[in-house]
Every structure is written in C-alpha cells, then in structure tokens.
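Below is a set of questions and answers on one protein chain. Each answer works towards the value or name that was asked for.

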Amino acid sequence: MVRPVGAEQQLSVVYPPANHQTVADRIFLVGTAPPTGKVLVNGKPIERSRAGHFAPSFPLRVGENTFILQYQDRQVQLKVQRQDTTPVPPVGLAFGKDSLTPNVDIARMPGELVCFSAIAPPQSTVSVQLGKDNIRLFPQLQQAQLPANSALLTGRNQPTRQLTSGQYQGCTTLPELGNFVDGNNTITSGFTPSAGIQPQFQLILNGQTVTQSSPGKVTILSPANLEVVEVTANEGVARTGASTDYSRLTPLPKDTRAAVTAKEGEWLRLDYGGWINSKETRTIPGAIPPRSLIRSVSARRVPGATEIVFPLQVSVPVSIQQGDRTLTLTLYNTTAQTDTIRLDDDPTISRLDWQQVTPDRLEYIFNLKSQQQWGYKLRYEGTSLVLTLRHSPKIQNSKFKIQNSKFQVSDSRLPCTGAQQCAPTDSPLSGIKILLDPGHGGKETGALGPTGYPEKDINLLISKLVREQLEKRGAEVYLTREEDVDLSLPDRVAIIDKIEPAIAISLHYNALPDAGDAMKTQGLAAFWYHPQAHDLASFLHSYLVQKLNRPDYGLYWNNLALTRPASAPTILLELGFMINPHEFEWIVNPQAQQQLASAIAQGITQWFSTIR
C-alpha cells in the first residue's frame, strides 16, 4: 500500500500500486512529501497542497510507462502498463483467438434471432453452418464503443466511434424443431436437437479454406415442453440480460416458479422476461408452465406495517414500481377473477386499484396517503404472495413520544443518557431508528489518502460522530460495525433488513477510476436507487453542500449494494475525495469532522421535520 523510501518516509506514493495495469489512457499518482521543497515527476515539478500532498495526472501510451518521482535525494520509480483493448486481426488463415460466438451453450425459442461473430483477416469470406442453414457474416467497418458506467464519474461518458478491422457478424432466426437438421443434412424432418448443434465457422481467404467449431452449441426449445424452475435464493437476482453486466430487476421472492424460455451458459431467461443465474434455482420435474388465477385480496395490520395478501395457485414472478404517491405491484402469468378486495382505513394506503394489462399480466396500484414511502418487503407464504408496506415512523412512534415524555434512561440507543441532556420529546427524531453503515473495514481498506490513511478508518470515525449528534436529538442509532472488522455487503444488507430502521445511510469517502483527474476533483455526492430514497438523498446532499460550503460532486441514481435494500429508504453518501490533496486536508481536520457530523445530523433532522 504505502511505499516509503528511506527510514524517515520523506517521500511516499500510495497509488498506483507496483506494476499497475490499466486500460485507461491516463493515470494519477497519489502521495506525499514534506511541504518544503519540490517534488519532481520525470524531472518536472508538480503541484502540491499546503501539507505537501500530491495527485498529478499523466497520459499513458500503450505498453509500459515509467514515472520517476524525486524529492531531494530520494526517489520512487513506478511502472504502469496500459493494455490495448483493440482486437487484433490474426495474421494468415485463422480466426482470432477466442473470438467465435456463441462462446457458451445457448438455447432459444423457435423464431428467435441468434447472432454469430468472429474476428478474421480483412478481405475474408466468413460464414457459419448451422444445421442445413448457411449464415453469411459481414465485416463491420465502424462500431460505437460504449464507455464503462464509471466513465460518468470522470465526465467522459461518451461513446467513441472507431474503425474496426476483422470484425464479422451475422444473424439468423431459428426454425421450428421439425425443420431443423444436423450439419450433414442427413435428417430432413422430426429432428430434435436436445443436445444442441455446434455451429461450424468457415473462413475463405485467397482460395484457401479453414473451418472451426464454435465453443458453444445452439439448442431450440420446445414450446410444449419447457423446463420449469423454482427460485431457491431468498431473493433471486433478476436481470435484463445473461450476465452480471446487465441491470437488475425486482428480486424474485424465494419459491417463485417460472418456465425457462432461453439459456445462455449458466443463465436462464424466465417466461416473464427476466434472467436469473441457474445457481439460484432448481428444476421442478414434470411441472407445466406456471399460470395462476387470483380472486379476493385482503389486508391485515401488523406492528409498524400493513400486509396485503394475494392468494395464488402458484408462486408467479413479480415486480415493483414506485411512483410519487403510488406503488405498483405486477403479477406475471396471472389472470384476475377478482370481485372483492377488503382494505379498511389504513395509515399508508388510501386506495387499491387493479387492471389486467395483458391476458397474463396483472397490475395492482396502491394509491398512498404520503409521497414518502418507508420500505416494502415481498415474500411467499405457501402460494400466497405477501406484500408488506411499512408505515411512517412518525405513526410508529406517536405512542412512544407520549409514553416516554418524562422518562430518564441510560441506554445509549434511547433518546438520552445520563451524560447527555435529554432531547425534547417533540424532536422530529425522537424515537426514530436510524442505521449508519461505516463503509469498508478489516481487509477492505477503501480508498487511501496521500499519506496512506485508509478510508475505512475515517468512515468509522465520522459514523460515530454522527451517531453522537443524532442521539442528542433523540434518535435510536445503530451502526453496522463498531470496530475495524471485515463485514460483507450481504451482511450489511441483512442488518438493514433485520433492524428495519426509518432510514439507512452508508458513509464513505471517494476515489476515482484511473482516467479521472484526482487533483481537480472534489466534493460531496449522494447515491440512491429506489424512488423512496430519492428525496432523502437529494435533500441531504443539497443541505450538506450549502451548509458546509463544499464542492458539489452530484446526485446519482446508482445500483449499489448499500442503496438496493427496499426495506427502508437507504442512501450512500460520499463525503469527499480521499485522493484529492486539498480535500484530504479538510477530511482529516478534527474541527471539520465535527462540523460535518453536526451538519449530517441537522440535515437528517430537518428532513424528518418536512415529512408529512
């Protein structure tokens, strides 16, 4: 991590690590040296903060790049390898290494489009033999290259158009099972490719021919005999496509059943459209594609929430969409025979409507009394779907405030302690449960400041300071960790789901991808995922920027593990850039830390005071 030179550690570099490899076209060097004198990089002086910290950026050429940092008589040498991501066409009569797709076994329904690609020498004739069909692949001369999601964080979120050489692509639609034959054309009807057909790629160049089999096979599924699977994970991760690169959909509750309409490697496309990893499912032998009717719907009150019960014949896929004053539950493969719904006067729901959008897709629209939503959970009890909508914490704590208006307590999670002045019982935070998550910990250091100071330590320090300020205001505060320990992301999410706080905030400090400019990037940012968390993220972000007069790094919707919990409004705050030399001095300033903690607590208090 920190790489000092000499016993006095007068010059150190904490990023990049030794022999760093990257695909970025530039890199920043984060470190420190005594503030007097100059630090040179490859013989040229660099900008530093008052304390002597630095983070200059330099362009990278493809291949090895050497940087020599010098302070007085001390030196640090860094080597950074920039990797070339441009596909290189093969030389001679050959396909590019690992370039044939599909590169995993795939299965599709009849009539679906299947595409093939390869890298081959320019001026080649490339085709694929799939059964009796010969599919021509055409050269793709120009293609847009999408930036990574992280490019948004560096202000370089633009696709690039580049000339490609040797890229060949082509598509076809799969025939019905009875019209599919093997590669030798020996069967003309009734062929069932249950084991799949291996596409045969052919390359012709200068009168010479070479063939190669695709790594993946192609199978046509039978619409009358689809495999049915059941979700075995507590929350099956559903996505828009067949890899973790694709966006998430509403998690599928355990025991959800659906037919499989496509496969790609270990990924399954379920009949409602979402993809799930097969490791989170099990096959149900002999089951038919799940379809359900639904009749009456009822609601019941439980402590702090309302549960709505949807009796079904089978556990079908579902999704949730939150609006400003609505929550829409979609049931797939479901048809309504509903004549009766019981919903008494409810603290959260003003009315429940429904509509049959398509013959097998049904929507229930909850019209809500408040624009702010406080979390939901989905589960199956047998084949009955149970949707839990949490009540406002103000409703939950109304009796608490009355019953405890005069009490003296010593529990640090209650409104006051013997060492503190009791918070007024009419405080907006009186009796409110708030969870703070100090990011990273243990082996996960997070970002490093120029001195090597790890993010995990400042995350914990500031979380404890915020807890102290919130408890003075009457809140009941929980931390996911109290010490420097390893704590996985799933474990942190499980704590949120178990405690069910009114709000949860994950506290972090920031860094940048290699292509960023660490010297010029500062500021506070907030991240949210579910609409129920947007108002909190927006309010608190604006409040902190203005109250502390800090740079504004932005408000982001982001698919992060600590913004995804749906059981409570959950946000993630990035409170400054560890790698920025100037902002790092503010981050480690004890007075500034107290001001920041006080501002976070006061911002939370004001937000709760605005909620109706």
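Q: How many disulfides does the structure hold?
A: This is a predicted model. Cys115 and Cys171 have sulfur atoms 1.9 Å apart, and a pair within 2.5 Å counts as a disulfide. The number of disulfides in the structure is one.

Q: Is the disulfide of Cys115 and Cys171 right-handed or left-handed?
A: Cys115 and Cys171 form a disulfide. The torsion about their S-S bond is about 100 degrees, so the disulfide is right-handed.

Q: How many residues apart are Cys115 and Cys171?
A: The disulfide joins Cys115 to Cys171. The pair links distant parts of the chain, with Cys115 in strand β13 (residues 113-119) and Cys171 in strand β18 (residues 167-173).

Q: Is helix α5 parallel, perpendicular or oblique to helix α7?
A: The axes of α5 (residues 534-548) and α7 (residues 590-610) come within 9 Å and cross at roughly 135 degrees. Angles of 65 to 115 degrees count as roughly perpendicular and those over 145 as roughly antiparallel. The angle therefore makes α5, relative to α7, oblique.

Q: How many charged residues are in the contact of α5 with α7?
A: On the α5 side the contact includes Asp535, Phe539, Tyr543 and Lys547, and on the α7 side it includes Ala599, Gly603 and Trp607. By class, this contact has eleven nonpolar and four polar residues, and the number of charged residues is two.

Q: Is the crossing of α3 and α7 right-handed or left-handed?
A: The axes of α3 (residues 455-472) and α7 come within 8 Å and cross at roughly 50 degrees. That angle makes α3 oblique to α7. The crossing of α5 and α7 is right-handed, and the crossing of α3 and α7 is right-handed.

Q: How many nonpolar residues are in the contact of α3 with α7?
A: Among the α3 residues that meet α7 are Ile458, Leu461, Leu465 and Gln469, and among their partners in α7 are Gln593, Leu596, Ile600 and Ile604. This contact has four polar and no charged residues, and its nonpolar residues number eleven.

Q: Is Ala568 buried or exposed?
A: Ala568 lies in the loop between β44 (552-557) and β45 (570-577). Beyond four places in sequence, Ala568 touches Trp374, Gly375, Arg390, Pro501, Ala502 and Gln532. Its relative accessible area is 0%. Since buried means under 20%, Ala568 is buried.

Q: What separates the C-alpha atoms of Ala568 and His530?
A: Ala568 and His530 are 38 residues apart along the chain. The distance between their C-alpha atoms is 9.5 Å.

Q: Is Arg550 buried or exposed?
A: Arg550 is found in the loop between α5 and β44. Leaving aside neighbours within four places in sequence, Arg550 contacts Gln522, Leu524, Val545, Glu583 and Trp586. Its relative accessible area is 16%, which means that Arg550 is buried.

Note on methods. Residues are numbered from 1 along each chain as its sequence is written. This is a predicted model: local features need pLDDT of at least 70, side-chain atom pairs count only at pLDDT 80 or more; totals for chains, interfaces and linings use all residues. Side-chain values use heavy atoms; hydrogens and water are left out. Axes are lines fitted to C-alpha atoms, for helices over the stretch in contact, and angles run from 0 to 180 degrees between N-to-C directions. Helices (H or I, at least four residues) and strands (E, at least two) are DSSP runs, numbered from the N terminus. Angles under 35 degrees count as roughly parallel, over 145 as roughly antiparallel, 65 to 115 as roughly perpendicular and the rest as oblique. A crossing is left-handed if the near helix is turned anticlockwise from the far one by less than a right angle, and right-handed if clockwise. Contact means heavy atoms within 4.5 Å. Ala, Val, Leu, Ile, Met, Phe, Trp, Tyr, Cys and Pro count as nonpolar, Asp, Glu, Lys and Arg as charged, and the others, Gly among them, as polar. Buried means under 20% relative accessible area, exposed over 50%, partly exposed in between (1.4 Å probe, protein chains only).
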